[in-house]
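These are my notebook entries on one chain, written down in the order in which I looked things up. I began with the overall fold and went on to the cores, the surface and the charged pairs.

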Amino acid sequence: MMVLKPEFLTRKAMIYECSDRCGCNAGCWNRVVQNGRTVRLEIFYTGDRGFGLRSPDRIRAGQFIDCYTGEVITTTAADLREAAHTAHGASYLFSLDFLNGQYEDYEEDSNNDEDEADEDDDEATESGCKYVIDGRNFGGPTRFINHSCNPNCRMIPVSRNHADRDLYDLAFFALHEIPPYTELTFDYNPGSDGGGGVVKNAKIDPSAVRCLCGEANCRGQLWPNQRKKGVR
C-alpha cells in the first residue's frame, strides 16, 4: 500500500501522477488516486450536522481515501445552480480554484518538468476559476464529509491530465491514523486561522455559515457563502 509521507500532507503543491503517456505500466507506484479507493466507506447520520462519512476499516496516515466527484461545470453554470439550490436546500459545489493566485507557490513547490503553458492560459487561470464540481445529482460518498476545525483528512489536488492544469482530482488523504468507525472530516476553509489554532477575539460574521464541529479550536464560522463545499 502506498501512503503519502508526512511532508506531503503539509505542502502546498499539486501531486502529479503518471498517465497513459508515461512509459510505466498500470502497476506503477505513482498511480494511486487514478486506481480508485481501497477503503470501505459508510454514510451515517450524525445528528445536528446531518449525514457524515466514516469507514469500518482502519485508515493509515497518508492513505488515499477517495475523491470528491460530480459534474464538472463552468463557473457561470455554477453561479446559476448555486442561486437555485441555496433557496431550496443544500449546495454541493466545489471550486477547482487551487491554482488561483498561487502560481508562484505552485511553480516553486512542484517538480513539474513539463513545458510551461502560454501566457494567455496563465492570465485566464489567474483571473478566475474555470471549473466547478457539482456533486448534488451525480456525487459520490465524499460529498457527505463534514467540516472540522481539527480534521483527520486533507484534500489535495492530484493531476494526471497534463493538457489542462485547471482540471484535476480532489483527493482526500488521512492526516493521521484513523480508527474504524471514526467520522471522516476535513477543513472546508483551511488557513483561515493562520495555522489551525484558536482565533482569539475573532469577529463572527452574522451571514457566515455557522460551524458545528465542537472542537476546542472551533472557529465558530465557515464563510458567508456555500461555494467551497456544500453545507448540510
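Entry 1, fold. I counted secondary structure in this predicted model and found three helices and eleven strands in the chain. Reading along the sequence, I wrote the pattern down as β-β-β-β-β-α-β-α-α-β-β-β-β-β. I then looked at the contacts in the chain with a separation of 6 or more, and residues 24 or more positions apart account for 75% of them.

Of the 232 residues of the chain, 43% count as buried.

I looked up the largest nonpolar core, which has 29 residues, and the ones with the most contacts inside it are Ile-59, Ile-65, Tyr-68, Leu-170, Leu-184 and Phe-186. Strand β10, residues 169-174, gives the largest share of this core, namely three residues. Another core, of ten residues, lies apart from it and includes Leu-4, Phe-64, Cys-67 and Ile-156. I then listed the surroundings of Ile-65, leaving aside neighbours within four places in sequence: its contacts are Arg-37, Val-39, Leu-41, Ile-59, Cys-153, Phe-172, Phe-173, Ala-174 and Leu-184.

Is Ser-148 buried or exposed? I found a relative accessible area of 4%, so Ser-148 is buried, although its place is in the loop between β8 (146-147) and β9 (153-159). Not counting residues up to four places away in sequence, Ser-148 touches Thr-185, Phe-186, Asp-187, Cys-213 and Glu-215. I also noted that a polar atom of the Ser-148 side chain lies 3.0 Å from the backbone nitrogen of Asn-150.

On the surface I found Ile-43, Tyr-45 and Phe-51 forming a nonpolar patch, with about 330 Å² of accessible area together. Phe-51 belongs to strand β3, residues 50-54, and counts as partly exposed because its relative accessibility is 41%.

Side chains of opposite charge can pair when their charged atoms come close, and my search of the whole structure returned ten salt bridges. I followed some of them individually.

The side chains of Arg-40 and Asp-57 meet at 2.5 Å, N to O. Arg-40 lies in the loop between β1 (15-16) and β2 (42-47) and Asp-57 in the loop between β3 and β4 (64-67), so this pair ties together parts that are 17 residues apart in sequence. Asp-57 counts as buried, at 18% relative accessibility.

Glu-183 and Arg-49 form a salt bridge whose closest N and O atoms are 2.8 Å apart. The pair links distant parts of the chain, with Glu-183 in the loop between β10 and β11 (185-186) and Arg-49 in the loop between β2 and β3, 134 residues apart. I checked burial on each side: Glu-183 is buried at a relative accessible area of 16%, and Arg-49 counts as buried at 17%.

The side chains of Arg-81 and Glu-71 meet at 2.9 Å, N to O. Since Arg-81 lies in helix α1 (residues 75-86) and Glu-71 in strand β5 (residues 71-74), the pair ties together parts that are ten residues apart in sequence. Arg-81 counts as partly exposed at 24% relative accessibility, and Glu-71 as partly exposed at 23%.

Note on methods: Residues are numbered from 1 along each chain as its sequence is written. This is a predicted model: local features need pLDDT of at least 70, side-chain atom pairs count only at pLDDT 80 or more; totals for chains, interfaces and linings use all residues. Side-chain values use heavy atoms; hydrogens and water are left out. A nonpolar core is a set of buried Ala, Val, Leu, Ile, Met, Phe, Trp, Tyr and Cys residues joined through side-chain atoms within 4.5 Å. Buried means under 20% relative accessible area, exposed over 50%, partly exposed in between (1.4 Å probe, protein chains only). Helices (H or I, at least four residues) and strands (E, at least two) are DSSP runs, numbered from the N terminus. Contact means heavy atoms within 4.5 Å. A polar contact is a pair of N or O atoms within 3.5 Å; within protein, one must be able to donate a hydrogen and the other to accept it, and residues adjacent in sequence count only if both atoms are side-chain atoms. Patches are made of residues with over 30% relative accessible area and no salt bridge: like charges are joined within 9 Å, nonpolar side chains (Val, Leu, Ile, Met, Phe, Trp, Tyr) within 5 Å. Accessible areas come from the Shrake-Rupley method with a 1.4 Å probe; for residues, only the protein chains shown count as cover. A salt bridge is a side-chain nitrogen of Lys or Arg within 4 Å of a carboxyl oxygen of Asp or Glu.
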